[in-house]
Amino acid sequence: MSAIDGALHGLKVIDLSRVLGGPYCTQALADHGAQVIKLEPPVGDETRTWGPPFDASDTAWYFNGVNRNKLGISVDLSCEEGRAVLWQLLEDADVLVENFKPGTLARWGMDFERDLQPRFPRLIHCAVSGFGPDGPLGGLPGYDAAIQAMAGLMSVNGERDGGPMRVGLPIVDMVTGLNALAGILLALAEREKSGRGQSIDIALYDCGVSLLHPHLPNYFGSGKVPQRSGNAHPNIAPYDSYQTGTAPIFLAVGNDRQFARLCAHVGAAGLAQDARFADNRSRCAHRAELKVALEAQLARFDCETLAQDLIHSGVPCGPVLSVDVVARHPHTLHRQMVVELGEYRGTGSPIKLSRTPATYRNAPPALGADTDAVLASLGIDADTRRRLFQAGILK
């Protein structure tokens, strides 16, 4: 196997998922060498319309962000002939990823335990849903922002004197995708020992609740309901944004040694000896006084210069940068976090393997771009393919 093949070379993934969580997972699988066949309904994944901005083919860049390196086919699974295509795709598949409403596959005669597992004993099935298949909320639909609200994330996000606020990116969907990726890799590792596949249940709600660190542990330990604290960390100080002479800097000081270095660098070594700020427990108890004292010193400094000097001296910190600055930052480019394939630009893989790195082979597919070729590879003859296209079952 060559490095360009990727760590997952030889793995075949059937991707029935739409929107973000599932596609984010399957793009990661594809980046690392898996063959991912993305199956969309004839109307397409709804995120193809989630713009502006749109690309030259009128596909939203939202869709493009999580669907590279995939073969794209369009099949109507609501009819028997469409599902027959899916059955053929599964004959040699390793992984099936879907985010249908729980019970949908069962209604189609494709329940994992009843139908798929007996026929494909090595198949790994990953079901992504809002709340899981059962329980008080089982089977109900879930989108990222609604889960942020219901799982408590919004309650701890926002300014102290403001209202609950959504995290400014679809963090629940993306963490759901990462958990799906982890579940699939765990199941693949177990299959090496048992020779058997299994089903993976990934719920947005569970993933949202899992993000409540340290708020849920703090609640378990104190019985106090966590409150919003703006940029400040509930357990650490100074861990907040602070105004300098030019722009805000974020200080992420996690221990006494870093605090002493910070104080010495800004000309306030005495703060580290002040009993109010002697250790993290004391600093947390005197947050307001600490912020006033630090900002009085920081006002003499330029943010960018200070940030560079502090981080090089071992004090974790950073200027608050906008997305356009991040996209062209020298370290972003050095870490290969911007991918370019012709007119396509995307976010690179953060998973860096030394021998089998991620590769970027194909831009996101147009709707149905590979339908004819993939079905031909399954042995479906040209006349049948033509009939299915004409009937609208394929696109």
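Reader: What makes you say that the buried residues of H10 pack against S8, H11, H12 and H13?
Author: Contact is the test: heavy atoms within 4.5 Å. The buried residues of H10 meet strand S8 (248-252) and the helices H11 (280-285), H12 (287-298) and H13 (303-312). This is a predicted model: local features need pLDDT of at least 70, side-chain atom pairs count only at pLDDT 80 or more, and totals for chains, interfaces and linings use all residues. Residues are numbered from 1 along each chain as its sequence is written, and side-chain values use heavy atoms, with hydrogens and water left out.

Reader: Which residues of H10 are called buried?
Author: Gln258, Phe259, Leu262 and Cys263, in a helix spanning residues 256-265. Buried means under 20% relative accessible area (exposed is over 50%, partly exposed in between; 1.4 Å probe, protein chains only). They cover an arc of only 135° around the axis, so they sit on the same side of H10. That arc is taken from the directions from the helix axis to the C-beta atoms.

Reader: Why is Asn255 called a cap of H10?
Author: A side-chain oxygen of Asn255 lies 3.1 Å from the backbone nitrogen of Arg257, at the N-terminal end of H10. A polar contact is a pair of N or O atoms within 3.5 Å; within protein, one must be able to donate a hydrogen and the other to accept it, and residues adjacent in sequence count only if both atoms are side-chain atoms. Just after H10, Gly267 has a positive phi of about 80°.

Reader: What makes H1 a mostly covered helix?
Author: Ten of its eleven residues, 21-31, are buried. Among them are Gly21, Pro23, Cys25 and Leu29. The cover includes strands S1 (12-15), S2 (35-40), S3 (70-74) and S4 (95-98), with helices H2 (61-64) and H7 (171-194).

Reader: What makes S2 and S3 a pair?
Author: Two strands pair if DSSP finds at least two bridges between them. Five bridges join S2 to S3, and the two run parallel. Val36 stands opposite Lys70 in S3.

Reader: Why is the sheet called open?
Author: The six strands run in the order S3-S2-S1-S4-S5-S6, with parallel pairing. S3 and S6 (199-203) stand at the edges with a single partner strand each, so one side of each has no neighbour in the sheet. On average, neighbouring strands are turned by 20° against each other, direction ignored.

Methods: Helix = DSSP H or I, 4+ residues; strand = E, 2+ residues; numbered from the N terminus. Axes fitted to C-alpha atoms, helices over the stretch in contact; angles between N-to-C directions.
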